[in-house]
Structures are given as structure tokens and as C-alpha cells.
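Visitor: I have a structure open and would like to talk it through. Can we take it piece by piece?

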Amino acid sequence: MLPAAAQAASVHIVALGASNTYGHGRGRTNGGVEPSQAFPAQLEAMLRARGLDAHVANAGIPGDTTGGMLQRLGSAVPNGTQIVILQPGGNDARRGEGASRSGNIAAIQQQLAARHIRVIMTGMDAPASTRDPDGQHFNAQGHTAVAASLVPKVMAAMRGR
């Protein structure tokens, strides 16, 4: 459990990623859920149920790559953000940009660290059975599983601030 002061303080979180962060995709792989049911919205509700005044902004853009995330980092992660949940996704490989993925992720992490923003990495952290038939996008159960897996990570990050 968090100390009372940490529970009372607001925490501003940004979920940065592509279609699975946003909620659903586009084009031929447009599975998923509405953004209001995606893991960022569910995470906010779960944290609030634990007494945190949590605000989780969904900065997912379907089809985005880590290069795109790096380019929009300044506008996607406003001042006052304490935690970024980074879900890099698989669009880099699908678009032939796989070679720059690890460097982009490192640059994102470095820029956020310089701003004293904690980074929580997440990926396809839900069983394959919680994905839509396209195999890429989480269904409702997948989004719930991802949100639930992030709660202890966010709580640990909050204890460390």
C-alpha cells in the first residue's frame, strides 16, 4: 500500500504506443476495442479504485512506429508527466524499419529520463487467447489483462518517487 501522501497526490501517466495502446488498428488489421475500453482507460480506473488520483492519457496512434513515437515525444508527453508506459509494438518490422527500433526506444528512454519521467515498458503482455483473430490486437480481455499487469508496476514506480 502507498503512503497516504502518495495516495493523495495526483499521478500523470502517458501511455505511448501504436494501435494496441490506442485500442484498435486500422486497415486490414483493425481489431481491438474502442479507446474508452483500451488498457490506458482501464488502468486509470484500476488505479483510482486503489485510491490514486491517476490520470492516464492515451497517446497511442494506430500504425505508429518507434520513430514516430520519438518524433512526437515532446507533444505526446507534456510537462508534469511522471510515468510513461511505452508499448513500442511491431510496426517497425512491418514497415521495414526494424533496424532502428532499439535505437529509437533507447532515445525515447533517454529523453524521458532527462526529464525525470519514469518509463514502464510493456509489450504483448497478455496471453495469445486474449487477442483478436488478426493475432496482433488485444480483445477486451487482453486490454484488461495488460491493465492489470501494469497496476503493480505503476504502484512500484509511485513508491519510488
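Guide: What follows goes through some helices, the cores and a few single residues of this predicted model.

Visitor: Start with helix 8. How many residues does it have, and how far does it reach?

Guide: Helix 8 covers residues 140-159, which is 20 residues. From its first C-alpha to its last it reaches 29 Å, close to the 28 Å expected at 1.5 Å a residue.

Visitor: Where does helix 8 bend?

Guide: At Val151, by about 30°. A proline, Pro152, follows within four residues.

Visitor: What happens at the start of helix 8?

Guide: A side-chain oxygen of Asn139 comes to within 3.0 Å of the backbone nitrogen of Gln141.

Visitor: Which residues of helix 8 are buried?

Guide: Gly142, His143, Val146, Ala147, Leu150, Val151, Val154, Met155, Ala157 and Met158.

Visitor: Now the largest nonpolar core. Which residues touch the most other members?

Guide: The core has 23 residues, and those with the most contacts to other members are Ile13, Leu43, Leu47, Ile83, Ile85 and Val154. Two or more residues each come from strand 1, helix 3, strand 2 (53-60), strand 3 and helix 8. Helix 8 gives the largest share, 8 residues.

Visitor: Take Leu47. What does it touch?

Guide: Leaving out residues up to four places away in sequence, Leu47 touches Ile13, Leu52, Ala54, Val151, Val154 and Met155. There is also a second, separate core of 14 residues, and Leu73, Val84, Leu86 and Leu112 are among its members.

Visitor: Back to helix 3, then. Which of its residues are buried?

Guide: Phe39, Pro40, Gln42, Leu43, Met46 and Leu47. These residues lie on the same side of helix 3, because they cover an arc of only 160° around the axis. Their cover includes strand 1, helix 2, strand 2, strand 3 and helix 8.

Visitor: What follows helix 3?

Guide: Gly51, with a positive phi near 95°. Gly51 sits in the loop between helix 3 and strand 2. Its relative accessibility is 39%, so Gly51 counts as partly exposed. The C-alpha atoms of Gly51 and Ala9 are 9.9 Å apart, although 42 residues separate them along the chain.

Visitor: Which residue just after helix 7 takes a positive phi?

Guide: His116, at about 60°. This is a positive value in a residue other than glycine. His116 is in the loop between helix 7 (101-114) and strand 4.

Visitor: Is His116 buried or exposed?

Guide: Exposed, because its relative accessible area is 72% and exposed means over 50%.

Visitor: And Gln87, buried or exposed?

Guide: Gln87, in strand 3, is buried, because its relative accessible area is 4%. Its side chain is joined to that of Thr21 by a polar contact of 2.7 Å. Beyond its neighbours within four places in sequence, Gln87 is in contact with several residues, including Leu16, Asn20, Phe39, Met69 and Phe138.

Visitor: Last one: where is Thr130?

Guide: In the loop between strand 4 and helix 8. Thr130 is buried, with a relative accessible area of 10%. A polar atom of its side chain lies 2.6 Å from the backbone oxygen of Pro127. Apart from neighbours within four places in sequence, Thr130 is in contact with His137, Phe138, Asn139, Gln141 and Gly142.

Conventions: Residues are numbered from 1 along each chain as its sequence is written. This is a predicted model: local features need pLDDT of at least 70, side-chain atom pairs count only at pLDDT 80 or more; totals for chains, interfaces and linings use all residues. Side-chain values use heavy atoms; hydrogens and water are left out. The expected span of a helix is 1.5 Å times one less than its number of residues. The bend at a residue is the angle between axes fitted to the seven residues ending there and the seven starting there. Buried means under 20% relative accessible area, exposed over 50%, partly exposed in between (1.4 Å probe, protein chains only). A polar contact is a pair of N or O atoms within 3.5 Å; within protein, one must be able to donate a hydrogen and the other to accept it, and residues adjacent in sequence count only if both atoms are side-chain atoms. A nonpolar core is a set of buried Ala, Val, Leu, Ile, Met, Phe, Trp, Tyr and Cys residues joined through side-chain atoms within 4.5 Å. Contact means heavy atoms within 4.5 Å. The arc is that of the directions from the helix axis to the C-beta atoms.
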